[in-house]
Amino acid sequence: MSLTPTGVVSVNSPTTGETPHQADQFDVALFIPPPNGLPLFIQAMPVVASHLLAMQGFHALLGRDILNNCLFAYNGEVGLFTLAF
């Protein structure tokens with residue numbers, strides 16, 4: 001499946017230095033079904049594609065705009081996290 005970008009934005013990152021690079025922007029909604037209870041649903045919002053993440057094996061990063069709707073606990077000693085909503 002292929003998504004169609006809704007725009008292009010300039011992005012600065014630690015690897016680009018002072019020169020931003022162009023990245024595709026997409027409108028994406030988020031739906032996480034719970035084991036029981038109500039799902040977490042976030043209305044469509046603009047997100048930016050990052051090939052750097054894909055090269056590192058990541059599909060997405062959740063920012064605080066999403067995590068503000070949740071309880072996120074990370075246990076670094078065992079490498080586990082809990083996401084509650």
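Phe 72 sits across from Leu 83 of strand S5. That pair belongs to strands S4 (residues 71-75) and S5 (residues 80-84), which run antiparallel to each other over five bridges. Strands count as paired here if DSSP finds at least two bridges between them. Keep in mind that this is a predicted model: local features need pLDDT of at least 70, side-chain atom pairs count only at pLDDT 80 or more, and totals for chains, interfaces and linings use all residues. Residues are numbered from 1 along each chain as its sequence is written, and side-chain values use heavy atoms, with hydrogens and water left out.

**The hairpin**
- S4 and S5 make a hairpin, with four residues between them.
- In that turn, Gly 79 has a positive phi of about 70°.

**The overall layout**
- The protein has two helices and five strands; these are DSSP runs numbered from the N terminus, with helices being H or I of at least four residues and strands being E of at least two.
- Starting at the N terminus, the order of elements is β-β-β-α-α-β-β.
- The radius of gyration is 16 Å, well over the 12 Å that the globule rule gives for 85 residues, so the protein is more spread out than a compact globule.
- That radius is taken over C-alpha atoms, and the rule itself is 2.2 Å times the number of residues to the power 0.38.
- Along its principal axes, the C-alpha trace spans about 45 × 30 × 25 Å.

**The three-stranded sheet**
- S1, S2 and S3 form an open sheet in the order S1-S2-S3, with antiparallel pairing.
- S1 (7-11) and S3 (40-48) are the edge strands, each pairing on one side only.
- S1 pairs with S2 (residues 21-32) in the antiparallel sense over five bridges, and Gly 7 stands opposite Gln 25 in S2.
- A handy bit of background: strands of a sheet pair through backbone hydrogen bonds, either parallel or antiparallel.

**Surface and contacts**
- Buried residues make up 9% of the 85 residues (buried means under 20% relative accessible area, exposed over 50%, partly exposed in between, with a 1.4 Å probe and protein chains only).
- Among contacts (heavy atoms within 4.5 Å) between residues at least 6 apart in sequence, 20% join residues at least 24 apart.

**A look at Leu 52**
- Leu 52 is found in helix H1 (residues 51-55).
- With 38% relative accessibility, Leu 52 counts as partly exposed.
- The C-alpha atoms of Leu 52 and Thr 15 are separated by 9.6 Å, and the two residues are 37 residues apart along the chain.
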